[in-house]
Amino acid sequence: WKRIRGVSGYEIYRSEKKKSGYKKIRTAAKASITSYTNKRLTSKKKYYYKIRAYKKVNGKKVYGKYSAPKSVKAK
């Protein structure tokens, strides 16, 4: 994904369905991290990912909008 200026990090969500069932699988706690490799997936199965940025304000996370879902087929 593309880096967003002024954020503290990103949260990565995954689902096996495009419209529902997303669960947080990783928090990228640095704004400089712009990729994630997911291992141990079922071969040839399709997964959907969403990303959302967050910024820490007074010790609390303030979240941006979710990205559009991106489909990826496991090798």
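Which residues are linked with Glu11 in a network of salt bridges? The network joins Glu11, Lys24, Arg52 and Lys61. The views below come from a predicted model, and its salt bridges come to a count of four.

**View 1. Lysine 24 and glutamate 11 meet in a salt bridge.** The N to O distance between these two side chains is 3.5 Å. The pair links distant parts of the chain, for lysine 24 belongs to strand S2 and glutamate 11 to strand S1, 13 residues apart. Glutamate 11 counts as buried because its relative accessible area is 0%, and buried means under 20%. Lysine 24, by contrast, is partly exposed, with a relative accessible area of 47%.

**View 2. Glutamate 11 also forms a salt bridge with lysine 61.** Here the side chains meet at 3.6 Å, N to O. Glutamate 11 lies in strand S1 and lysine 61 in strand S4 (residues 60–63), so this contact ties together parts that are 50 residues apart in sequence. Lysine 61 has a relative accessible area of 33% and is therefore partly exposed. Both glutamate 11 and lysine 61 are members of the network of salt bridges, which also includes Lys24 and Arg52.

**View 3. Lysine 45 and glutamate 16 form a salt bridge between two loops.** The closest N and O atoms of this pair are 3.1 Å apart. Lysine 45 is partly exposed, at a relative accessible area of 30%. Side chains of opposite charge can pair when their charged atoms come close.

**View 4. Five lysines, Lys18, Lys19, Lys44, Lys46 and Lys73, form a positive surface patch.** One of them, lysine 19, is found in the loop between strand S1 (9–15) and strand S2 (23–28). Is lysine 19 buried or exposed? Lysine 19 counts as exposed because its relative accessibility is 81%, and the cut-off for exposed is over 50%.

Conventions: Residues numbered from 1 in each chain as written. Predicted model: local features only at pLDDT ≥ 70, side-chain atom pairs only at ≥ 80, totals over all residues. Heavy atoms only, no water. Patch = residues over 30% accessible without salt bridge, like charges linked within 9 Å, V, L, I, M, F, W, Y side chains within 5 Å. Areas by Shrake-Rupley, 256 points an atom, 1.4 Å probe, with all protein chains shown as cover. Lys, Arg positive; Asp, Glu negative; His and termini not counted. Charge placed at Lys NZ, Arg CZ, Asp CG, Glu CD. Helix = DSSP H or I, 4+ residues; strand = E, 2+ residues; numbered from the N terminus. Buried < 20%, exposed > 50% of the residue type's maximum accessible area, 1.4 Å probe, protein only.
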